[in-house]
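Look at the model below and follow its nonpolar side chains.

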Amino acid sequence: MNNRAMIVVDIQNDYFPGGANELVGSTEAAAVAVEVKRHFKESGLPVMMIQHVAIRPGAPFFLPNTEGVEIHESIAVEDGDHLVVKHYPNSFRETNLLELLKSLDVSELTVVGMMTHMCIDTTVRAAADLGFKVELIGNACATKDLEHDGRKVAAADVHAAFLAAIDGSFATVRNWN
């Protein structure tokens with residue numbers, strides 16, 4: 001049995017054009033994630049689809065029972081995929097993800113998804129802390145412009161900084177060819 005699984009984090013409608021929290025490059029990142037998922041499915045490897053559903057009062061996106069909370073049609077949940085619903089950036093927090101991965105004897109993860117600076121960063125660091133060997137596909141992730149102390153930080157710089165911080169410490173970061 002191969003001990004590798006794919007985790008698809010929060011590729012949901014609210015992150016795409018017209019959504020409540022549009023990311024820079026979400027469409028392009030999702031297209032790469034679809035290719036990675038196709039590889040995993042063809043190889044008979046498990047795929048974990050993570051869906052963030054907001055429960056915090058006043059949350060601006062991923063609201064229950066909205067179109068925005070749904071997983072994007074480009075990478076829809078398919079037969080054999082494992083759907084994990086989460087309510088926090090960390091895909092392991094208060095979910096069955098760890099137990100599911102253990103039940104499948106998984107020790108290595110390939111991660112794709114959104115947002116690089118939030119749910120991807122948090123999930124990858126948690127996975128590494130839990131003992132998983134993690135591969136992060138950088139060009140299958142997307143984020144958005146941020147602002148700090150009156151300074152705008154472009155999404156490309158946010159993305160690059162978070163990938164650089166993760167690479168070598170919590171995961172091996174590479175692009176999908």
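A nonpolar core is a set of buried Ala, Val, Leu, Ile, Met, Phe, Trp, Tyr and Cys residues joined through side-chain atoms within 4.5 Å. Buried here means under 20% relative accessible area. The model shown is a predicted one. Its largest nonpolar core holds 31 residues. Val8, Ile11, Tyr15, Val36, Ile75, Val112 and Met114 have the most contacts inside this core. Two or more residues each come from strand 1 (4-9), helix 1 (26-42), strand 2 (47-52), strand 4 (108-114) and strand 5 (133-142). Helix 1 gives the largest share, seven residues. In soluble globular proteins, nonpolar side chains tend to be buried together.

Leaving aside residues up to four places away in sequence, Val36 touches Met6, Thr110, Val112, Ile137 and Trp176. There is also a second, separate core of 27 residues, and Leu98, Leu100, Phe132 and Cys141 are among them.

Next come the cysteines. How many disulfides does the model have? The count is zero. Cys119 is in no disulfide, and the nearest cysteine sulfur to that of Cys119 belongs to Cys141, 11 Å away. That distance is too far for a bond, because a disulfide needs two cysteine sulfur atoms within 2.5 Å. Cys119 has 2% relative accessibility, so this residue counts as buried. Cys141, at 7%, counts as buried too.

Val77, Leu83 and Val85 form a nonpolar patch on the surface. Together they have about 220 Å² of accessible area. Leu83 lies in strand 3 (residues 82-86), and its 42% relative accessibility is why Leu83 counts as partly exposed.

Methods: Residues numbered from 1 in each chain as written. Predicted model: local features only at pLDDT ≥ 70, side-chain atom pairs only at ≥ 80, totals over all residues. Heavy atoms only, no water. Patch = residues over 30% accessible without salt bridge, like charges linked within 9 Å, V, L, I, M, F, W, Y side chains within 5 Å. Areas by Shrake-Rupley, 256 points an atom, 1.4 Å probe, with all protein chains shown as cover. Salt bridge = Lys/Arg side-chain N within 4 Å of Asp/Glu carboxyl O. Helix = DSSP H or I, 4+ residues; strand = E, 2+ residues; numbered from the N terminus. Buried < 20%, exposed > 50% of the residue type's maximum accessible area, 1.4 Å probe, protein only. Contact = heavy atoms within 4.5 Å.
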